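Take a look at the structure below before reading on.

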Amino acid sequence: MWHAMFAEQIPLAEKVLRTVIVYALIAVLFRLTGKRGLASMNTFDVVVIFLLSNVVQNAIIGNDTSLTGGIIGAVTLVAVNTGVNRLIAVSTTAARIFDGQATTVICDSHPVARALRRLGMRQSELDTAVRLQGVSGVTDVHRGSMEPGGQLVLSLNTGQQGATRSDVAELASRLRRIENLLTQSR
């Protein structure tokens with residue numbers, strides 16, 4: 001029993017190579033299919049993730065059902081992912097290749113239909129994402145971009161932006177000066 005549990009049925013190099021190839025393929029597929037972050041995945045995206053993991057399982061470990069084979073596959077996946085994340089952190093070129101660039105989805109208060117189609121995003125999804133950020137609608141947005149990680153970043157039109165702490169502090173200072181003038185003139 002112990003021997004069957006730990007005996008490798010596929011050579012170590014082949015198992016590592018299979019894992020790296022499948023990781024690269026899945027990364028390219030996700031890179032090509034859009035910029036949805038995990039937080040914005042819908043039910044169908046989750047189903048695809050579950051089914052995809054089952055589909056590629058044998059491609060990664062082959063016919064190896066040993067504990068050692070599973071450990072080697074898991075360690076290789078985590079190591080490759082860690083290496084890619086560290087490479088992205090230190091190299092802007094690698095970040096552009098692996099993560100992509102921001103895509104403008106709102107320009108001058110109008111949705112960019114072509115960008116939405118390319119991202120596979122519906123107008124209703126954009127409207128919801130804008131409202132979730134506390135903005136009443138696309139017409140209040142000067143520019144909106146979908147970042148590589150799936151976050152929507154908005155720049156509001158002049159007059160639609162909220163007050164900053166410094167704005168409030170300046171108003172409070174002015175009110176104090178007015179109060180002082182009023183109390184001195186009595």
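This report covers the nonpolar cores, one serine and the salt bridges.

The model is predicted. Its largest nonpolar core holds 15 residues. Val105, Ile106, Leu126, Val130, Leu152 and Leu154 touch the most other members. Helices and strands both supply this core: β1 (103-107), α6 (113-119), α7 (123-132), β3 (141-146) and β4 (152-156) each give two or more residues. A second, separate core has five residues, among them Val22, Ile26, Val56 and Ile60.

Leucine 154 has contacts beyond its sequence neighbours. Not counting residues up to four places away in sequence, leucine 154 touches Ile106, Val130, Gln133, Val135, Val141, Arg143 and Gly144.

Serine 145 sits in strand β3. Is this residue buried or exposed? Serine 145 counts as buried because its relative accessibility is 8%, and the cut-off for buried is under 20%. Its side chain makes a polar contact with the side chain of glutamate 147, at 3.1 Å. With residues up to four places away in sequence left out, serine 145 touches Ala102, Thr103, Thr104, Val105, Gln151, Leu152 and Val153.

The salt bridges number two.

| Salt bridge | N to O distance | Helix |
|---|---|---|
| Glutamate 14 – arginine 18 | 3.0 Å | α2 (residues 12-33) |
| Glutamate 170 – arginine 174 | 3.1 Å | α8 (residues 165-184) |

Glutamate 14 and arginine 18 are about one helical turn apart because four residues separate them in helix α2. Glutamate 170 and arginine 174 are also four residues apart, about one turn of helix α8.

Glutamate 14 is partly exposed at 33%, and arginine 18 is partly exposed at 27%. In the other pair, glutamate 170 is partly exposed at 42%, and arginine 174 is partly exposed at 43%.

Key: Residues numbered from 1 in each chain as written. Predicted model: local features only at pLDDT ≥ 70, side-chain atom pairs only at ≥ 80, totals over all residues. Heavy atoms only, no water. Core = buried A, V, L, I, M, F, W, Y, C linked by side-chain atoms within 4.5 Å. Buried < 20%, exposed > 50% of the residue type's maximum accessible area, 1.4 Å probe, protein only. Contact = heavy atoms within 4.5 Å. Polar contact = N/O pair within 3.5 Å; in protein donor to acceptor, adjacent residues only side chain to side chain. Salt bridge = Lys/Arg side-chain N within 4 Å of Asp/Glu carboxyl O.
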